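Me: I would like a close look at one part of this model. Please keep it brisk and go step by step.

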Amino acid sequence: MKNFVQNPDFMRSQPPLAEVLSDLSSGYTPANGVRFTKEQDLAISHIDGLTVVNSGAGVGKTLCLVAKLVEIQNVKPGARTLCLAFSRKAAIEIRDRAGSLEGVQVSTLHSLCFHLLRGNGYGNFTVITNQAITESVIRRLIGKADTTVDEVIGSLNNPNITKKATIRVRERYLEYLTENRMLTFDTMQLFAVRLLTANTALRKRWCSSWEYILIDEAQDLDYNQLAIINMLKGSTKNICLFGDNRQSIFSFRGSVPDVINSFDKSATRFELTINHRSNAGIIGLANKVMEDYPALKCSKSQKGYSCPAYMIADNEADEANGIIEQIGNLHQQGSQYKDIAVLYRSGFAAKKVIELLLEKGMPFASRISDVLTIQQYPYSSIINLFHAILLNNDTRTIKSILSVMYMKANAINHIEELARDNGCTLLDAMKLMELPFFHQDYVDGMVDAMKSVKDKSPSEVVHALLNAGLRKYLGTANTMVVESFADELQEYGSLEQYLQHISEIRGMLDEMKKRTADTDDVIQVMSIHAAKGLEWDNVFICGCYDGALPSNKDTADISEERRLLYTAITRAKEKLYISMPKVSTQSKEPNKICRFLLEALA
């Protein structure tokens, strides 16, 4: 098993260090008794006009935003002020920090749009919060169209989509929601933009509701949100954006590229560059990764700092063992589990870590659906098909594959009736249904394939199903995912063996949830996206190789992949560990060290 080292063979120079500042004296803000740095004080005290506050990682952005809310109320008591947060959790944190301020409204843009719609024609619309329902509706509307569920959902926040098939399905989806008086989380903002665009009087009245507007995490604004901000800008001249282009990592949600720099050129701009979170070694590496941006400075003393450590493991299991051993060492040295996080770019990179944590009984918390492929589409559909191959006469099991067969849930009633009348299994009864010929050909092919592969390995089963027609159902992107999944399954000799493994993992997960239900002293395992805005004393970044980070997906933006690494690095306060396996199940070729790391440490 390999160990973490601070001077790996691929490092060709001394570890990069950030500048450490000793004199941070500044002005004083009496409103809340907090002493700020000079750069913070300048950004807080400027309240009028269009303003952009470029806020590097760990510079106290939220503290400054709250102080600016207080400053506005001190200078102009009772001024109608709107503060827009990126998430409900962030909105709650800002409210808690700001306390009771007259005239101040803290909200998310989704919530703001929801209340706008509720009061203007959408009052009796039902809000659908189940994403599975949303995806099921879109999948039915797609039919044979040359698009995917992800492309349609992505187009809801991006008007620049030009693929005609995607646009047609999107418009049919919006019509379906309107006809059925439904709203979803993904469509609230788009409906609000269209409402405000069509109703000039409403737009003028609504946009003049506030005298000051502060926007947190502005680098993550999507096209609909930016459209709303631009409408507000037409009536409210006092708008301040807080954000960091270096942490713009949500393009898959439709975020607008470089929104901070492209915002109104007349805006007054401030730079927050003094990091109060991480030590000089961690910030030094972050600066080298994002060398084209202003360097962050460190406010912590260099005494006792620890440079990042690196490990190149033989394989994913070896990487997981190295991480778990180092976590054990940290815990023995006095670190609490809650001060430790394991971050990943893609769920498969953390799979072995999760399994080993379960095996060792180490307490952890994770968004399991992100990490364990068995929980998410398209993997879940493959697992359901596996079960149906073995349990071909079980109602619940057969019902779980109806969507894969392009059938509605209530089709199970007819299938059961056919099975009874013809003395056959539920799976065979699918072939007896009266379907259009092209649909019947697909169902026949899938049923025949499922009956013929019962004794095959899971990997062979997946390829047989793809060839039987599943490839067309999944679409190009999801087929690639499933083909990679088939490679992962090669270590299992039979369907029974693999499904037993899944059962054991689920059992251990249930046990872990019970153990950690009443404690917060748990290791956090999460994606880099989910970790944004959080911090820990000790951070591990696993799977740091080309193909995982940066991702090798065709849709991956290489600049955004670099920003993901920067975001991950700057979550660490005291110690940072970066690792990769030489080989992985996701690649047939030996892995190459993350190019961003090689550039930074050359």
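Is Y577 buried or exposed? And which rings pair up around there?

Reply: This is a predicted model. Start with Y577. Its relative accessible area is 8%, so Y577 is buried, since the cut-off for buried is under 20%. Now take its partner, F540. The ring centres of F540 and Y577 lie 4.6 Å apart. Their planes meet at 15°, so this pair is stacked. F540 is buried too, with a relative accessible area of 1%.

F540 sits in strand β17, residues 536-541. Y577 sits in strand β18, residues 572-581. The pair therefore ties together parts that are 37 residues apart in sequence.

Two numbers describe such a pair: the distance of the centres and the angle of the planes. Y492 has 9% relative accessibility and counts as buried. Y498, at 2%, is buried as well.

R139 lies over the face of Y377, 4.4 Å from the ring centre. K144 lies over the face of F438, at 4.2 Å from the ring centre.

Definitions and conventions. Residues numbered from 1 in each chain as written. Predicted model: local features only at pLDDT ≥ 70, side-chain atom pairs only at ≥ 80, totals over all residues. Heavy atoms only, no water. Buried < 20%, exposed > 50% of the residue type's maximum accessible area, 1.4 Å probe, protein only. Phe/Tyr/Trp six-rings, centres within 6.5 Å; stacked < 30°, edge-to-face > 60°. Helix = DSSP H or I, 4+ residues; strand = E, 2+ residues; numbered from the N terminus. Lys NZ or Arg CZ within 6 Å of the ring centre and 35° of its normal.
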